[in-house]
Amino acid sequence: MGVRGLHGFVGSSCPHICMVVNFKELAEHHRSRHPGGTPTIVVDAMCCLRYWYTPESWICGGQWREYFSSLREFVKTFTAVGIKLIFFFDGMVEQSKRDEWVKRRLKNNREIAKIFHYIKSHREQPGRNMFFIPSGLAIFTQFALKALGQETLCSLQEADYEVASYGLRNNCLGILGEDTDYLIYDTCPYFSISELSLDSLDTVMLCREKLCQSLGLSLSDLPLLACLLGNDIIPEGMFESFRYKCLSSYTSVKENFDKKGNIILAVADHICKVLRLHQGEKKLEEMLPLGPNKALFYKGMASYLLPGQKSPWFFQKPKGVVTLDKQVLSMSSDPKSKQEVPVCTHPESKQEVPMCTDPESKQEVPLCTHPESKQEVPMYTDPESKQEVPMCTHPESKEEVPMYTDPESKQEVPLCTHPESRQEVLLCTHPESKQKLPVGMDPEFNLEAPLCTNPEIKQEDPVNMGPEVKQQITMVSDPEILKVARAHHVQAESYLVYNVMSSGEVECSNSLEDAMDQALPSQAFVYRPVRQRVYSLLLGDGRGGASTCPTVKEWFVYSGNPLRQPDLVRPLQMNIPGGTPSLKLLWLGQEAGLQAQRLDTLLACFDLSFSREELQVVESPFQALCCLLIYLFVQVDTLCLEDLHAFIAQALCLEGKTTMELADLQLDHVDPRAVQLGTLLVRGLTTLVLVNSACGFPWKTSDFMPWNLFDGKLFHQKYLQSEKGYTAEALVEQNRSRLTRLHALKSVVCKACMKEDRPIVSRRHWRSHHSGSRQYDPDQWRRY
């Protein structure tokens, strides 16, 4: 994560960059300089998950009560010294970082395989050196922090840009995280979460100014250095030969530095002594071996420029580089004419905006001229050849429109201008209607229905960030509904809903699943039918059903999936008496009885409308648990009565346990099947977050938070006891009230499953009729 090799370089070769500081003292100093202001730290939450997860047990599905207590202590410590915390979570994976995301997921698969091999060999949890965060940790951390009263935001792109931008714009005390990209951004100070001592509030500040002094660079050179070394956008191998060329000509090799350290010094030296000599005279592509990667390289550079910032390495906005927060990147001078490009001041942001000459009026006009969208109106002059792009006449309006050359077919394709946003979009012919329709610019965006343009969605931006935020091409056409979905997403109140509606692309990281256990399918397949019905609800609004919905791209990790491309998943029609209600009704309606309709829709997503009567009599929070258990036992026919007893008994016993009692719980041994069952249930709870938010929140979020329903070690204990033949009374620890409730909840699940011809029998009974273990064909699940 971050810039390749920079973390090790700073730690071993330039330790003076790391300064020990105390947050309490920094806060007092901040208050003295800014009377009346509150010292604020922006927290990159994704970097902090490992630090926050302090429970000793991590293999069984998560010690959620202990984890919640750990978060509460973290927040309390900073609040006590008057420091406000703002938490940011990754909301989606940018396309430019997808390859890096896939690479990490495949690496995690190998680590998980080693974990299960260890469990089978030693029957115990591996050491902390093999630690893998419990499934769903990031999602449930958002809700835990909100429950603790903390401001929690979910990004509209990868979080580091939004964190850096928020910190700079709000004059924050600093950024708390563990990502060397924060050394590259020109923003507020960067503090290390891994070096934080919560008792003393001491940590390490990594000083980018001292890094620049050590390397002989200026702050504006750091993005160039980061891209030449490799980061999450620029693959490390892209400039490997270039770096070794720099090293071979570097005359100040430090013997006490390792090879990577000397490479960083050599590249920095090349920037100082070679590239800077031609700064302002030559383009970067004339000085560096960019080749076909020019657009990607410029995008990598641009990703570090926060709103209002400029780079002396850019002459003009390169092709393919996105606009940052309603402002274009800096254009310092034209390399051929040696003249400054004229700029104007944006009336709202007060930022300088480049000017261009209108080809008809011959007058200079600013690039960002549309009063509503604030989007850059494209110039029709090629920035390199200075020749006009060919124009064609639109067949209906008779107006001239610019042409676009398709990179694959080499044929010219007309561009059309959207009547509201004034943005150009390519025209394509829909295969069924034969009509020309606007499509997304991504050549891999092979969806089966036209995308929609929503110029209004960018008007309300609670965090006002980033290069890929102003994404106008969406999967739905109703701007009001999209605005609601976006607000819930940014405020970390929903899960995946906005991703589906805005881009039609979702992802789910690794789960602790045993690739060698063919008796239990991956959670990706088990809950896919639920997701498919949710896709139908979100994308089929007013279209007449799932058949007209576009497919959704799923990047879900499961055994045998090489992640070379996403799974294209078709929505499934829901079976709701009276038809599927509209999102406007579910999300915005205030009529009496709507809450019941929302619940009907939620149950239909799980295909459990037949279980409504049984579930109505179940008390909260066990209603959500029973819903999940019914679905699981109908879907996975290798689950048995002992599994059901363990799931219900641990939830009932959890109510009476203190955090300390749960922490002190000891297991006889660790069972790999129980590990996977714990993961399966927790992933079911994350699926409930998705469904509940898509249906307009019929259930309280607290009803399916894991710290109220599930504890990994406690479930593991009940599983092992149930496997040994413990009675139901023993499983609930001789508590008569719990025993009564266990039988009641068990009856609800069993009756609902019987309606689906799914009897739940004992494993001993099942084994007496079958030899060996039942297996699932993964291809069967993929087809489903």
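Student: What makes R104 count as partly exposed?

Tutor: Its relative accessibility is 24%. Buried means under 20% relative accessible area, exposed means over 50%, and partly exposed lies in between (1.4 Å probe, protein chains only). R104 therefore counts as partly exposed. This is a predicted model: local features need pLDDT of at least 70, side-chain atom pairs count only at pLDDT 80 or more, and totals for chains, interfaces and linings use all residues. Residues are numbered from 1 along each chain as its sequence is written, and side-chain values use heavy atoms, with hydrogens and water left out.

Student: Why is the contact between R104 and E100 called a salt bridge?

Tutor: The term needs a side-chain nitrogen of Lys or Arg within 4 Å of a carboxyl oxygen of Asp or Glu. Here the N to O distance is 3.3 Å. The pair therefore qualifies.

Student: Where do R104 and E100 lie?

Tutor: Both are in helix α5, 4 residues apart, about one turn of the helix. Helices are DSSP runs (H or I, at least four residues), and strands are E runs of at least two, numbered from the N terminus. An α-helix has 3.6 residues a turn, so residues three or four places apart point the same way.

Student: Is E100 buried or exposed?

Tutor: Buried, because its relative accessible area is 13%. Salt bridges that share partners also join R4, E100, R104 and D232 into one network. The structure holds 30 salt bridges.

Student: Which residues form the positive surface patch that includes K114?

Tutor: K103, K107, R110 and K114 form it. Patch members have over 30% relative accessible area and no salt bridge; like charges are joined within 9 Å, and nonpolar side chains (Val, Leu, Ile, Met, Phe, Trp, Tyr) within 5 Å. Lys and Arg count as positive and Asp and Glu as negative, while His and the chain ends are not counted. K114 sits in helix α5, residues 98-122.

Student: Why is K114 called exposed?

Tutor: Because its relative accessible area is 56%.

Student: What makes E619 and R741 a pair that links distant parts of the chain?

Tutor: Their side chains meet in a salt bridge, 3.3 Å from N to O. They are 122 residues apart: E619 is in the loop between α21 (612-616) and α22 (622-635), and R741 is in helix α29 (residues 736-755). E619 counts as partly exposed because its relative accessibility is 41%.

Student: What joins S620 and P621?

Tutor: A cis peptide bond, with omega about 5°. P621 is in the loop between α21 and α22.

Student: What makes α23 mostly covered?

Tutor: 14 of its 14 residues are buried.

Key. Areas by Shrake-Rupley, 256 points an atom, 1.4 Å probe, with all protein chains shown as cover. Charge placed at Lys NZ, Arg CZ, Asp CG, Glu CD.
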